[in-house]
Amino acid sequence: MEIVHADYEVRYDEASSIVICKGSFRLHGEEYKPVLDLLLKAADARPALLTLDVRELQFLNSSGINTLSKFILHVRNHKASQVVVQGSARFPWQEKSLINLQRLLPALKLEIA
Amino acid sequence: MSTGQAAPGAETPRDELAAAAEALRRRIEELEQEKRDLEVMLETATEHADHLAADLEQERNDLATMLAMTTEHADTVEDELHESAAAALLKSARQLRMIVEATPAPVLISRRADAEIVYANTMTGTLLGAPSQELLGRRVPELYFDPVDRVPLLKALEDQGFVDHQEVRFKRLDGSLVWVDVSLRPLDFNEEPSILSALHDITERKEAEQRLQQQVDELRLELEETSQSSALARSTGTTRFHNLDAAVIEHGSTRLIAFHSFRGGNGKSSIAANVAGLLAARGQRIGVIDADLQSPGMHVLLGQAGKKIDHTLNDYLLGNCGIHQLAIDVTAGLGQPVPGQLFLVPASVNPGAMAQVLSQGYEAERLTQSFHELAKLLQLDVLLIDTHPGLNEEALLTMRAVQTLIVVLRPDAQDFEGTGVTVQVARQLEVPHLMLMVNQLPATDQLQAVRARVEQTFNSEVAAILPQAAEFMTFDHDGLFALRHAGHPISVALQHLSTRLMGATAQVQLS
């Protein structure tokens, strides 16, 4: 499954249970629904290990971090998956914001390279 | 039967009491059950409410966390964007300074509010005779020779958002006058509304124009004085050249046409050579004089490159040979057989001869005298003169002597400006028929729009517009382009020009 846009793309590989987000997310409110649906679908598959790879996500606006939060809560409520979030130090916002996802899911594992 | 016994079938009070007691007992049991049920329900409801409250609390906490996260994220991104915007602004300002500093033209930036100069590049300092740093803090009106000249520029900038190529007088810091071509653009500099002024020193050109104007006035005066007693030299008939060595012209039908341009390299000579060939192809007797003594090339265009040439126009001008020794019949070298004849008077490509005629000078009137003597000698129908670009004495004399002047220009700003001066001079010299010809029109330009613009700018007829074509501008050893490629758009345009020239010159003759 994938959403490909000129500015961004989201890909979910069911076989490896990896969700990859790339580009710049500058959507507003409801525009994030397709992205959230794809993320929730990945969560609903309840894999033992679910990876969110945002290493090539250059920009994420407030509605975007909100969407990621909803995804993490959804996973938490299932109590079925260990979540690993992979980020990059190339984009300073990732170091500051991704760690906050652990406030919603303390067991979340964050890997910033 | 005893008195206290109840009749069979009838309930005694004791029984009734027992029944009532039984009923009460059952009721009590029911109530107790209800009580227990209610207690269970209460307990269940309470537990459920506790669960709900816990869930709500969790959700509330999650939402609070999400809000805090979102806010923190927004702050982070906002900071990043602000920093990157500030960095981009700084980079942009640095780049602007680098570009402006490297620009080989004077550029200065002044604050709009108080006209204070906040930036000036090195070239501005050079223009105004002081290190550019010394200009900072001064006000722009100080730079104007007459500060009033700035008012219409600011008004134009206000009205149309830009000012292009306005000629104004500035003064150097030592007070001396400097003419500049100024263009203005609004600009935000250091976050303040500012004006960017691009300057171009045109003092030399202005002085040249003034000198030229003086020469034109002097020439006009001379011509007026000498033409009072006789008709002016005007090519045909028996007109006497009283003003130019009193050369007598007895030949009665030669048309004199000069090809001129303000700048070199715009294809003037190629056009002249091809027009000459096309006129010869119409059965005419044509002469071509290469009057471009500083950069001759007509002999190459007319197939004489590398051939031995005994006498040139240089020799004639210096008095070293007669007109009868000059002309070369080049008809056979045109690449195609033509019914007419084409004669060339070449200029010398010998460096010594070129230097000699340019350094020693010559009797200028011998040049125009050569036109008429040649016309008479060769019985020419048309004599074409290819001049040296720019405005010099030979050009002015040639303009005064011919019936038709064709000014060739390229559609660019420099040629437009120079052609404007040329046209102005030609009008003052009362050239009977002035035509403009645009060469090397880029494929992207609209022909009709360019024609309209040129005609409107110079108020003159555009005789032809030739498209940009490398094959025309690239020299071909096998003969004249217009004769060898008759169907090419350039050849067709030149054919029309030839027809137009014959008509135009005939018209002049009749008048």
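Predicted model: local features only at pLDDT ≥ 70, side-chain atom pairs only at ≥ 80, totals over all residues.
Residues are numbered from 1 along each chain as its sequence is written, with chains lettered from A in the order in which they are written. Local features need pLDDT of at least 70, side-chain atom pairs count only at pLDDT 80 or more, and totals for chains, interfaces and linings use all residues; side-chain values use heavy atoms, leaving out hydrogens and water.

**View 1. A6(A) sits in a loop of chain A.** The loop runs between β1 (2–4) and β2 (8–13); strands are DSSP runs of E, at least two residues, and helices runs of H or I, at least four, numbered from the N terminus. A6(A) counts as exposed because its relative accessibility is 77%, and exposed means over 50% (1.4 Å probe, protein chains only). Its C-alpha atom is 8.7 Å from that of G23(A), 17 residues apart along the chain.

**View 2. Helix α2 (residues 62–78) of chain A packs against helix α1 (residues 13–102) of chain B.** The angle is about 145 degrees and the axes are 9 Å apart; axes are lines fitted to C-alpha atoms over the stretch in contact, and angles run from 0 to 180 degrees between N-to-C directions.

**View 3. Here α2(A) meets α1(B), residue by residue.** Contact means heavy atoms within 4.5 Å. Among the residues on the α2(A) side are I65(A), K70(A) and L73(A), while the α1(B) side includes D62(B), M66(B) and H73(B).

How values were computed: Buried < 20%, exposed > 50% of the residue type's maximum accessible area, 1.4 Å probe, protein only.
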